Amino acid sequence: MSVPSLQRLRQVPRHLLVCEKGHARDARSRHAAHVRDHAYNCRVSFLIPECGMLPEVLKSTIADVGDYYLVRNLSVHELVAHEFIDAFVKKGSCYALTYNTKIDQDNTAALLPTGKLILSVDKDTYEELGLQGRPSQYSGKKAMRYIVTIDLTDSTFHPDSKKRNRVLWALKEKKPLEFDFLLAWYNTGAEGSTLMSYFSKKQIQALKPKITFSTLRDLQCPVLQSNELQGKPEESCSTEELFEWLGAVWNQVSLDNKSSSFLSTYCCPQPNMMVEKAFLCTITGFIIPEKIIQLLEQLCCYFGEPKLAYWLTLTVHGFADSPVSWRESEHGFHKGGENLYNFVIFRNLDYWLQLAVGTYDDCPP
Amino acid sequence: MARAEAAAATFERRVLRGAAEHQYLRVRLELPDGGARPSVAQLKQLVVSALRELHGEVGAALPVDILTYDAKTLSAILRVISSGLVKLWSALTLLGSYQNRRCAFRVLQTSPFLLALAGNSRELVLD
């Protein structure tokens, strides 16, 4: 075997873990912006040590995560329709993402709350569409995937403009694209028409997020110090150690192995302490950032009253097949499409934020 | 857990590029119906023998941990040091038999973050 191929055998796929610390009540803190910028979330979970029963206010926040909709066989041009833009895109935050499409094989579309419609399409579809786009960042020298971004709220995108007519023509006649879409809409103002009534002629289904609760007994928790991201030997654990531990807890990995064990040598990072019970909650569905911010706020308020816990965590998993991760930065699927983040909220409302992305992703903001 | 409640943390940001020590694989073993299912120790033995078959004694010495194993679904989460990912993956792919019966490892998901394996949107059934 030649030397370069031996080196490639040891190569690790590119990945990034960004760790931040700050204070949740700091006026300059951008933690809520990071949540807002991550539009498509499929799983939100939190862990509270030393908690057996959830406070009522948190329970109602979870119950209020809200419905989302699944529309079957929806043509993309319906999202570009003048009526849709006026009723939903301009009057709140409208989220749409294609369901059961794989970004490394299929065409994918997504509508961001900023009014940007993003199409991630293969080369053939791109050439048939005839809309202006750019080659995907992760498609190599010979581009096989293209990204088309259409700003639906742009002033030049009014009903009679040439640009809009061309987009409509491309999506209606030139190359009609049809997908199953996940939709969610958030507005704070007056009630307008709802997605349910707007798409009543389509196959639309209102779905509720799935919520599960569980309690873990005698859990080993790492000792953390909010001002020590890197940890201190013998005193506190680092942010990477916590991130792995959290993965172990959510995957039900046993935490007390011996270093000589034949099966697994993973153990809870040192120093740690035994917690009598810990409360775990998982919400899965199409969860919009506005609701996650509310949940995050309520979790901060959890420490308003004296509690035994020193910290709690909130983890959010993004869709592996969404065309964007944070803001509009392109996202792809290499060996995995991971894009997730995790908050650790401390008793004094300091926070740690960990943002993790895989190979085909930009550095999180 | 936090001990001294020090003054509010000042903002700090660390970017770790490709720093993960380990890679994680969620795998499923496929076996023909009706036959003995391996115990967790046998599964580990199978993985080590797969490594030995393809990469020799040095390959067999690669530290692989079986973090979880569900004997019902024959699925497991494996942990391997980052530089050993390709070796482990290739060994699993090329393994063809268990106790003289045909078998195959399916790699369902892989990530440098164990937490990412907890939420796979590709397996999400919403409706």
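This is a predicted model: local features need pLDDT of at least 70, side-chain atom pairs count only at pLDDT 80 or more; totals for chains, interfaces and linings use all residues.
Local features were required to have pLDDT of at least 70 and side-chain atom pairs pLDDT 80 or more, whereas totals for chains, interfaces and linings use all residues. Side-chain values rest on heavy atoms, with hydrogens and water left out, residues are numbered from 1 along each chain as its sequence is written, and chains are lettered from A in the order in which they are written.

In the model, 56 residues of chain B are in contact with 84 residues of chain A, contact being taken as heavy atoms within 4.5 Å. The two chains bury about 5,800 Å² between them, of which 58% lies on carbon and sulfur atoms; buried area is the accessible area (1.4 Å probe) that two parts lose on being put together, summed over both.

Six salt bridges are counted between chain B and chain A, each defined by a side-chain nitrogen of Lys or Arg within 4 Å of a carboxyl oxygen of Asp or Glu. One such pair is B:Glu12 with A:Lys21, whose closest N and O atoms are 3.7 Å apart. On the side of chain B that touches chain A, strand 1 of chain B gives the largest share, six residues, strands being DSSP runs (E, at least two residues) numbered from the N terminus.

Strand 1 of chain B also pairs with strand 1 (residues 16–23) of chain A, in the antiparallel sense and over six bridges, where pairing requires that DSSP find at least two bridges between two strands. Within this arrangement, A:Glu20 stands opposite B:Arg13 in strand 1 of chain B.

Conventions. Helices (H or I, at least four residues) and strands (E, at least two) are DSSP runs, numbered from the N terminus.
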